[in-house]
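Dear colleague,

I am handing over the structure below, and after it I set out what was found. Please read the notes with the coordinates open beside them.

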Amino acid sequence: MADPLLSLASERIVTPNGIESGYLHIESGRISGLDSTPRGKIVDYRHAILMPGFVDIHVHGWGRGSFAWRGERRSLQAMSRDLVNAGVTAWLATSATQPETFLLESLSTAADWIADAKAEDGAEAVGIHMEGPFINPAYSGMQSKDAIQPPDIEGFKRYQHAARGNIRLMTLAPELPGALALIRYLRQSGVTVSAGHTDATFDETTLAIEAGLTHFTHAFSAMRGLHHREPGVVGALMYHQNTYAEVAKQSGITLRPEVFDILYRLKKDRRLVMVSDCLGYVDFPEGSEFHHYLRQETFRIHNHCLEITDHSGKTRTVSPTEWSEVCKLEMSFLDSVKNVVDRLEKGWVSAAQIACLNPAILAGVDARKGSLTSGKDADILVLGAELNLEAVWCRGVSQPLAK
């Protein structure tokens with residue numbers, strides 16, 4: 001339960017107006033102000049940075065849960081609990097291009113979790129991101145080609161009905177027949193539309209933007225690249241200044257640091273979005289196997305454990321019960337932010353914009369998420385020595401961190 005009145009003391013509180021000093025007040029799970037006068041119970045974080053919790057709008061799985069590949073309540077519960085250890089306090093349960101029956105059942109399960117989960121359960125699932133099934137097989141990536149469908153308004157209505165209105169973001173290929181009509185319908189319905197897994201030309205992408213597309217999923221990956229005579233999707237996302245573009249975890253594998261910097265110079269704080277695009281390997285179904293072409297590793301689930309074989313043929317095994325190993329399988333959201341924060345125009349203030357507020361806007365929850373502002377949920381990160389997580393608050397509740 002959230003304490004009725006708290007004052008978190010810090011000399012470095014990250015707000016939209018800059019770094020401020022004082023007491024961040026929390027009443028009944030929400031931020032009620034920031035000033036120099038303590039009220040209620042004081043929690044001393046003067047040695048630390050107070051930062052809004054990250055909002056991950058593209059996360060299939062993390063830690064010990066994988067919603068996209070399991071679709072189970074247990075997986076959602078594990079993700080909410082484990083995501084706080086990555087600094088994430090709000091997230092969109094992100095699906096994959098899966099068989100129809102599985103999709104409908106998992107969307108319904110996610111809707112139940114969104115309705116039932118409490119602040120004590122960890123990071124809040126604030127909605128659903130559907131990545132597919134309306135994508136181009138030419139750029140399917142890890143998505144299942146067998147489950148790809150043509151864009152269809154009635155098909156989306158079927159998914160949204162199963163999700164009980166919780167789909168807030170949809171990734172699709174805007175060049176496919178029927179896509180423009182679907183984009184217009186989604187925007188009218190309040191769903192953010194993103195281009196991804198797409199072979200669209202620059203002109204086709206521009207038409208989609210005019211129809212209501214505002215975002216690009218994992219920029220540069222799984223989309224037609226930039227050419228000086230055909231700028232493609234990458235050219236469109238760089239050219240159209242008012243569109244958002246997301247970048248997945250900044251390990252240096254998915255995007256070279258220089259490419260991140262180029263996109264940041266174009267989009268700046270106002271339109272860049274950080275996401276994790278993590279998968280939650282240890283929760284894949286028994287017998288699953290896939291090759292990660294970037295990491296040059298093969299992942300398989302055998303006897304309920306994850307086996308990882310590298311390019312030399314050496315295999316190691318990770319059990320879901322070994323948190324110290326599980327948490328290293330994919331770069332955490334916080335580590336990704338730490339890799340770029342020194343290159344951002346305003347440091348942690350910029351990080352709060354691109355990793356917290358911008359994704360909250362796209363998820364349609366910026367009225368209560370994304371910044372340390374009066375009236376919003378008390379979703380707070382406490383960054384101590386070496387910028388590591390010292391504490392995480394979700395809706396005013398201090399969360400247990402895994403050791």
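The radius of gyration used here is taken over C-alpha atoms, and the rule for a globule is 2.2 Å times the number of residues to the power 0.38. Because a compact globule of 403 residues would, by that rule, have a radius of gyration near 22 Å, the 20 Å of the protein chain agrees with it. Please keep in mind that this is a predicted model.

Along its principal axes, the C-alpha trace of the protein chain spans about 60 × 50 × 40 Å, and the secondary structure of the chain comes to 11 helices and 22 strands. Of the contacts in the protein chain with a separation of 6 or more, 66% are accounted for by residues 24 or more positions apart.

As for the surface, buried residues make up 59% of the 403 residues, while the accessible surface comes to about 16,100 Å², with 50% of it belonging to carbon and sulfur atoms.

Since buried means under 20% relative accessible area, Gln250 counts as buried because its relative accessibility is 5%. If neighbours within four places in sequence are left aside, Gln250 is in contact with Leu255, Phe260, Met274, Met331, Ser336, Asn339 and Val340.

Methods. Residues are numbered from 1 along each chain as its sequence is written. This is a predicted model: local features need pLDDT of at least 70, side-chain atom pairs count only at pLDDT 80 or more; totals for chains, interfaces and linings use all residues. Side-chain values use heavy atoms; hydrogens and water are left out. Helices (H or I, at least four residues) and strands (E, at least two) are DSSP runs, numbered from the N terminus. Buried means under 20% relative accessible area, exposed over 50%, partly exposed in between (1.4 Å probe, protein chains only). Contact means heavy atoms within 4.5 Å. Accessible areas come from the Shrake-Rupley method with a 1.4 Å probe; for residues, only the protein chains shown count as cover.
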